[in-house]
Amino acid sequence: MRAKLAITAYILITTTPLLLGFGYSLLYSFGYIGLMNKGFTTEHWLKLFESKDAIMSLFYSILVALGSLITSLVPALIMAYFLTFGKQNTVFKKILLLPLFVAPIIVGFLVYYMLSPTGILARIAFALHLISSPNNFPTLVNDSFAFGILAAHLFLLFPLFTFIFLSIAKKERIIELKQIATTLGTSKKDFITKIFIPLILKKADILIALYGLFLFGAYEIPLILGKQSPRMVSIFITEKLTKFNLNDIALGHAMAVVYTLLVFLTITIILRKKTTKLIPF
Amino acid sequence: MKNLLLLIVLTLLFSCKTEKKEQLNEHKSWEEIEIATNGKTVTWVMWQGDLLINKYVNEYVVPSIKQKFNINLKVINGQGNELISALMTEMEAKKTESAFDMLWINGETFFQLRQINGLFGPFTEKLPNNQYINWENPFINTDFQQPVDGMECPWGNVQLAIIYNAEKIPTPPTNLENLAAWVKENPSKFTFPNDFTGMTLLKSWLIHFAGGKDALAGKFEEEKYQKASKKLWDYIKILQPYLWKNGKTFPNSTPQQHQLFANGEIWFTMSNNDSEVDNKIAEGLFPPTSKAFVFESGTIQNSHYLGIVNHSNNKEAAMVVINFLASPEAQYEKMKPSVWGDATILDVKKLTAAWQEKFAAIPGRKNAPNRTEIQEKALQEPAPEYMIRLFEDFRKEILEK
């Protein structure tokens with residue numbers, strides 16, 4: 001009975017609003033509902049697929065998500081390796097969790113004030129005569145390569161992944177594993193590339209994929225640090241839903257449907273694996 | 001599962017209120033309206049992004065309304081598109097009592113509200129202070145080429161002005177030719193926000209490229225737009241490599257542009273309120289050497305208005321509040337540069353001699369441009385479709401290329 005109640009509560013709190021929202025967007029995108037709609041139409045969907053802006057937004061979001069994952073995973077793996085096999089430092093491990101307490105919007109502003117042409121780094125470089133004017137500081141925010149976004153995501157995710165990898169290493173008794181591998185003649189390089197990295201990534205693959213989805217839908221950081229074109233899918237949807245042209249609202253709903261379906265599809269693939277793997281430590 | 005569905009249906013049923021829309025009695029006198037609205041609460045949605053405006057509303061309007069009419073004025077933040085989204089959601093859900101009663105709007109929102117039939121009215125004829133409003137002024141009786149028709153009450157009048165730091169730029173470029181030359185000589189020091197204010201600048205330039213002052217008057221015309229916008233995009237493409245961030249991105253909002261100007265990253269900012277330069281200097285955000293000007297080819301002048309939500313349950317109380325905001329007393333207070341500096345929508349000549357004297361004695365502007373001088377360069381807002389097209393095409397022609 002309690003289990004049923006818990007499941008009902010879960011469905012009411014999470015699944016129901018999600019399904020209602022998805023259904024609303026779907027109906028809106030096909031013109032069934034909405035003050036500006038006049039009945040069933042596929043016009044908005046055709047417009048969406050013909051829109052270079054929309055397609056670019058989807059690909060840009062995927063690229064930013066993948067880029068952010070890679071730039072966070074690589075240093076996290078290196079850090080986890082050294083912390084596992086180096087001198088144990090419990091204070092440092094606690095400090096690792098600090099960035100998790102900072103809201104993404106705050107991180108966005110911090111990175112902006114750090115990397116913008118009038119930001120802290122530019123001022124330091126100017127004071128040290130490394131640049132002749134703060135404006136000569138390279139463009140690191142609102143830039144074409146999403147450097148600012150990657151830096152902000154690195155700040156948020158690198159410590160988190162390090163923490164997760166350390167926990168996996170402990171659970172999987174990596175230290176003992178290395179001793180056995182070394183005894184059997186495995187070189188340090190082979191241990192890192194063929195045992196340590198694959199093992200950690202395999203154990204954390206579901207979490208990494210879920211964070212990839214989180215990055216795919218990121219909003220505040222790309223809004224502050226990203227370019228206006230191309231823009232993340234979340235910003236595309238918000239602009240269509242809230243900007244000047246009321247006839248574009250249905251287009252925003254169509255994109256929301258595409259976004260939700262992509263996320264559902266990815267989660268379905270992920271969940272084909274055992275759900276117990278969701279918590280790797 | 002059946003129980004779960006029943007629970008959802010019941011929740012939805014009980015969450016839908018069924019209050020009836022407030023019915024207005026056409027024959028009610030104003031005195032009767034004031035008596036009937038005693039003790040009511042009016043929710044006013046307004047943009048709260050300016051310290052001085054907030055101060056005027058919270059420290060002058062709210063207590064005055066309470067004291068004079070015993071109406072509780074609840075001010076909440078919101079503007080334009082957020083507001084439209086919220087109202088559309090209410091209307092789509094067939095909600096008969098809105099969470100909002102009164103709105104501070106401009107022409108673009110007025111256009112959207114008319115599209116969704118979200119405004120109550122006409123109501124301005126009912127307001128006693130309507131007699132003083134300068135309805136003969138085309139910048140007041142027409143909003144984005146749409147006749148106001150009593151569906152909104154003017155509250156203030158402003159003109160787009162370009163703000164610069166006179167210490168860095170003793171002689172600012174006041175026409176588009178000089179601006180292009182200046183931007184090339186001073187790379188990354190000029191940009192405009194990708195928001196309502198930035199689009200207002202582009203509309204001013206669009207009118208210039210269309211042939212000047214009345215070239216885009218009347219309804220939207222595709223051919224006119226195509227010709228003028230091509231010239232506009234060509235001009236911006238000339239500027240683009242020399243704009244802030246090489247014109248690859250633009251500030252998201254006017255406050256962001258103000259910040260960039262304040263920290264010296266760019267040397268120009270702009271405001272839809274021609275007196276804002278004085279306000280921002282007083283706030284300590286802009287350097288005291290900041291000044292403002294209007295391009296020789298002109299800039300858009302428009303009025304901002306107050307509307308009443310069609311499915312509000314406090315229409316009469318909202319009318320009482322709006323009548324006060326359009327009163328000589330509230331308009332005079334608002335026009336003081338130290339308070340807000342927003343130009344009045346009243347025809348001062350229609351006021352009593354005492355009020356005329358008071359308005360005449362309002363201290364002059366300091367660094368903001370002279371209102372009479374810039375009036376000659378005032379351009380009327382073109383039809384709202386120009387704004388919609390400009391915003392979409394700015395993305396296609398400039399941002400995506």
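The legends below describe close-up views of a predicted model.

Local features are given where pLDDT is at least 70, side-chain atom pairs count only at pLDDT 80 or more, and side-chain values use heavy atoms, with hydrogens and water left out. Residues are numbered from 1 along each chain as its sequence is written, and chains are lettered from A in the order in which they are written.

**View 1. An open sheet of three strands in chain B, with antiparallel pairing.** The strands, DSSP runs of E with at least two residues, numbered from the N terminus, follow the order 8-7-9, and two strands pair if DSSP finds at least two bridges between them. Strand 8 (268–271) and strand 9 (290–293) of chain B are the edge strands, each pairing on one side only. Strand 7 (residues 161–165) of chain B is joined to strand 9 of chain B by four bridges in the antiparallel sense, and B:Tyr164 stands opposite B:Lys291 in strand 9 of chain B.

**View 2. Helix 1 (residues 2–29) and helix 12 (residues 249–271) of chain A, packed with their axes 8 Å apart.** Helices are DSSP runs of H or I with at least four residues; their axes are lines fitted to C-alpha atoms over the stretch in contact, with angles from 0 to 180 degrees between N-to-C directions. The packing angle is about 135°, and helix 1 of chain A and helix 12 of chain A are therefore oblique to each other, a class left for angles that are not under 35 degrees (roughly parallel), over 145 (roughly antiparallel) or 65 to 115 (roughly perpendicular).
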